[in-house]
Amino acid sequence: VKEQVPANMAVKATGTTGRFWQMKPDKYFKNVAPEVNKILIAAQQRGDTVVSVQYKGTDYTFNIQDKIGINRRTGNQVPLRAPMHI
């Protein structure tokens, strides 16, 4: 795809692009909440593979290595995507 974009139209990503962990609860990936993102980034930097987080009254387990998020009440699993820039 990169070769299909004319050089004068190609721009570097800005803003929060690539700085957030993302989860895919449905059809598209969405950024996790900023508080959760900070926890996941810190855990990854420490070398942790599994992190438990409570967010808005719901308990989640994130497996950073396998890139899976689990809602511990429902057991629902969603794919995770790591940030491109940490």
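1. Strands S4 (residues 58-63) and S5 (residues 68-71) pair in the antiparallel sense, over 4 bridges. Two strands count as paired if DSSP finds at least two bridges between them. Strands are DSSP runs of E, at least two residues long, and helices are runs of H or I, at least four residues long; both are numbered from the N terminus. The S4-S5 hairpin leaves 4 residues between its strands, and Lys67 in the turn has a positive phi of about 55°.

2. This is a predicted model: local features need pLDDT of at least 70, side-chain atom pairs count only at pLDDT 80 or more, and totals for chains, interfaces and linings use all residues. Residues are numbered from 1 along each chain as its sequence is written, and side-chain values use heavy atoms, with hydrogens and water left out.

3. S4 also pairs with S3, again antiparallel, through 6 bridges. That hairpin has 2 residues between the strands, and Lys56 takes a positive phi near 50°. Tyr60 has bridge partners on both sides: Val53 and, in S5, Asn71.

4. The whole structure holds 1 aromatic pair. Tyr60 and Phe62 are stacked, at 6.0 Å centre to centre with 25° between the planes. Rings of Phe, Tyr and Trp (its six-membered ring) pair if their centres lie within 6.5 Å; planes under 30 degrees apart are stacked, over 60 edge-to-face, the rest tilted. Phe62 is buried at 3% relative accessible area, while Tyr60 is partly exposed at 22%. Buried means under 20%, exposed over 50%, partly exposed in between (1.4 Å probe, protein chains only).

5. The largest nonpolar core has 12 residues, including Trp21, Val53, Phe62 and Leu80. Such a core is a set of buried Ala, Val, Leu, Ile, Met, Phe, Trp, Tyr and Cys residues joined through side-chain atoms within 4.5 Å. H1 (34-46) and S3 (50-55) each supply at least two of its residues. H1 gives the largest share, 4 residues.

6. Ala43 is one of the core residues. Beyond its neighbours within four places in sequence, Ala43 is in contact with Asp48, Val51 and Ile64. Contact means heavy atoms within 4.5 Å.

7. Arg81 lies over the face of Phe29, at 4.0 Å from the ring centre. The criterion is NZ of Lys or CZ of Arg within 6 Å of the ring centre and within 35 degrees of the ring normal.

8. Overall, the protein has 1 helix and 6 strands. Their order from the N terminus is β-β-α-β-β-β-β. Of the 86 residues, 27% are buried.
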